[in-house]
Amino acid sequence: MPRKKSLEELLQAAQDNDPDCVIFLQDELKLFEPNFELVKALVETDSNRILETNESGSNSLHLACGNIENMSMELLVLLMGKSPDAVTAANKFGLTPLHKAVMAFIS
């Protein structure tokens, strides 16, 4: 899935506190190669974006852990450090980010 906007536009949206930044963050974490600087810009502007959930109740850390084979340790540490509550949050199916990470490796 390609980005919906250019990297430059997304970095500007993070600085401008665009209301769609939660969507941009979640979309970035689903990519084969998420951009660390973009994720960092999106969460440093507002770390509450990490806890915002999608339709299945998954937050950004759930999405990153579900795509863990494409995540850097640095990116995961950034998300957990900016929002420690995201680590233990369960989605609508009762799954935490750790569950998502394990499931990504066994599927």
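Is Cys21 buried or exposed, and what is its relative accessible area? Cys21 is buried, at a relative accessible area of 0%, where buried means under 20%, exposed over 50% and partly exposed in between (1.4 Å probe, protein chains only).

The model is predicted: local features need pLDDT of at least 70 and side-chain atom pairs count only at pLDDT 80 or more, while totals for chains, interfaces and linings use all residues. Residues are numbered from 1 along each chain as its sequence is written, and side-chain values use heavy atoms, with hydrogens and water left out.

View 1. The buried residues are Cys21, Val22, Phe24, Leu25, Gln26, Asp27 and Glu28. Their cover includes H1, H3 and helix H4 (60-66).

**View 2. Ser60 in helix H4.** Ser60 counts as buried, at 0% relative accessibility. Leaving aside neighbours within four places in sequence, Ser60 is in contact (heavy atoms within 4.5 Å) with Leu25, Gln26, Leu29, Arg49, Ile50, Glu52 and Leu79. Ser60 and Ile23 are 37 residues apart in sequence and 9.6 Å apart in space, C-alpha to C-alpha.

**View 3. Helices H1 and H3.** The axes of H1 (residues 7-15) and H3 come within 9 Å and cross at roughly 15°; axes are lines fitted to C-alpha atoms over the stretch in contact, and angles run from 0 to 180 degrees between N-to-C directions. H1 and H3 are therefore roughly parallel to each other, a term for angles under 35 degrees. Leu7, Leu10, Leu11 and Ala14 of H1 make the contact with Glu37, Leu38, Ala41, Leu42 and Thr45 of H3. By class, these residues divide into 7 nonpolar, 1 polar and 1 charged; Ala, Val, Leu, Ile, Met, Phe, Trp, Tyr, Cys and Pro count as nonpolar, Asp, Glu, Lys and Arg as charged, and the others, Gly among them, as polar.

**View 4. Helices H3 and H5.** H3 (residues 36-45) and H5 (residues 73-82) pack at an angle of about 5°, their axes 10 Å apart. H3 is thus roughly parallel to H5. Phe36, Val39, Lys40, Val43 and Glu44 in H3 meet Glu74, Leu75, Leu78, Leu79 and Lys82 in H5. This contact has 6 nonpolar, no polar and 4 charged residues.

Methods:
Helix = DSSP H or I, 4+ residues; strand = E, 2+ residues; numbered from the N terminus. Parallel < 35°, antiparallel > 145°, perpendicular 65-115°, else oblique.
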